[in-house]
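This report describes helix packing in a predicted model. The sequence and structure are shown first.

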Amino acid sequence: MENGRPPWARLCHGHGSRHGLGPDRWRSRDDDGDPLPGRRFGARLLGDSPAGTRLPWASTAVLTVFVLVGMRFAGRNQPERADLDALAYTLLLVGTVPLLWRHRFPRTVALGTAVAAAGYLAAGYPYGPFLLSAALGCFAAVVAGRRVTAWIAVGLVWASHLLVGHVLYRWLPPTGDGPAPWGEQLFITVLVVAVVAVSELARVRREQFARMRAERAAAARRRADEERLRIARELHDVLAHSISVINVQAGVGLALLDEDPEQARTALTTIKAASKEVLGEVRQVLATLRAPGDAPRSPAPGLDRLPELCEQAKGAGLAVRVTEQGRRPRLSPGADLAAFRIVQEALTNIVRHSGSRTARVGLVHLPGALEITVDDDGPATAAGRAGDVGTTGVTGGGNGLVGMRERAAALGGTVEAGPRPDGGFRVHARLPLGPATPAPGAPGSARAADTVKSTATEEES
């Protein structure tokens, strides 16, 4: 259908843009030379950008009535000026009615109101509030970013008053008029400067508000992204360990169902306990998401649940030995949760990807820091050898080491994961216990300045 159109029709529909003749060719630009979206050839002739804003009927009507009534009263006190006639009221309406479109066509309205004011001055009619229309047209143009046009418009009004009052008064009505006093010209100058200053101030404030709204929107998006990543990491940590235990025990139960029913019963009991726990934690996370504001929930897990975690690992066939050096301080909820999740994820990886049936967890409490070490003696299973842990910590689509790194980074800590020189695999984390200082360049839960050795042989979960 498109190719069936004649060349001129395709050009009008924008298909000649690669030759410099598409729609962008006819877009107009602002005073700084930047293209203005939504402006086509017809709008460029007027120098304006029609927008979808509503017409300001109320303010324009009030101003029109004020100018007409005010000029009628002002004329009674200026008998030396020309009487208000049909031409005078026409010029007043020409200067006020176009203000309806001041937001859509600010340039045209600013120049039109200025020309109407200059014509009114040249006709010798009484002074009064007719200059308000030109002031409002200039204000709208400056706020819309059409500063050069606005300055030209107010300059036209000022120059018209200067020429009419001091040069052209001899040939213009009213008959016998003399030169205008210089104090009047000074008043017009001050008025012009005030209008420009107020307009520029309003423009600057409007740009500041727009910038603040954009920054708030960007901050809201960042917070939403960080919360989404936090929820995803929490769900991963909640599910990975329990599902791994369930998977291992299900395999054991199937293998021993006929040969050793009692052992199969033990495996099913472990599956029941693990599934009950994971269901409870998932319900807690979902309740937090559903409830508005701060949802009531049970305390987050911490190192006080480490014995329970070791019992779960034992049910999956992994014997865990825990050693602790130093006196355990009172940890913040964030550090306590991060430490627990790092140990949990490390044990999950051993269950899933290591042939070792023993693991060692070491906790070292230092002044201002907590060091966590989780070791196994290997070797890696076939699943663990299928994809080695690279320097980024991402293998096989897993997110376990990434989650550890993000949790540590949120506290300004580091994570190292890789094979030990004497065999096996080690995860070492250092968590500062002071105020969080996330690593530079990290989004939200910043990426830690960690090291994941490229020769690692265990896959993350």
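The buried residues (under 20% relative accessible area with a 1.4 Å probe, protein chains only) of helix H5 are Pro106, Arg107, Val109, Ala110, Thr113, Ala114, Ala116, Ala117, Ala118, Tyr120 and Leu121. Helices here are DSSP runs of H or I with at least four residues, numbered from the N terminus.

Residues are numbered from 1 along each chain as its sequence is written, and side-chain values use heavy atoms, without hydrogens or water.

Two helix pairs are compared below; axes are lines fitted to C-alpha atoms over the stretch in contact, and angles run from 0 to 180 degrees between N-to-C directions.

| Helix pair | Angle | Axes |
|---|---|---|
| H5 (residues 106-122) and H7 (residues 147-166) | about 5° | 9 Å apart |
| H3 (residues 57-76) and H4 (residues 86-96) | roughly 155° | within 10 Å |

H3 is therefore roughly antiparallel to H4 (over 145 degrees), whereas H5 is roughly parallel to H7 (under 35 degrees). In contact (heavy atoms within 4.5 Å), H5 residues including Arg107, Ala110 and Leu121 meet H7 residues including Thr149, Leu156 and Val164.

Notes: Predicted model: local features only at pLDDT ≥ 70, side-chain atom pairs only at ≥ 80, totals over all residues. Helix = DSSP H or I, 4+ residues; strand = E, 2+ residues; numbered from the N terminus. Parallel < 35°, antiparallel > 145°, perpendicular 65-115°, else oblique. Buried < 20%, exposed > 50% of the residue type's maximum accessible area, 1.4 Å probe, protein only.
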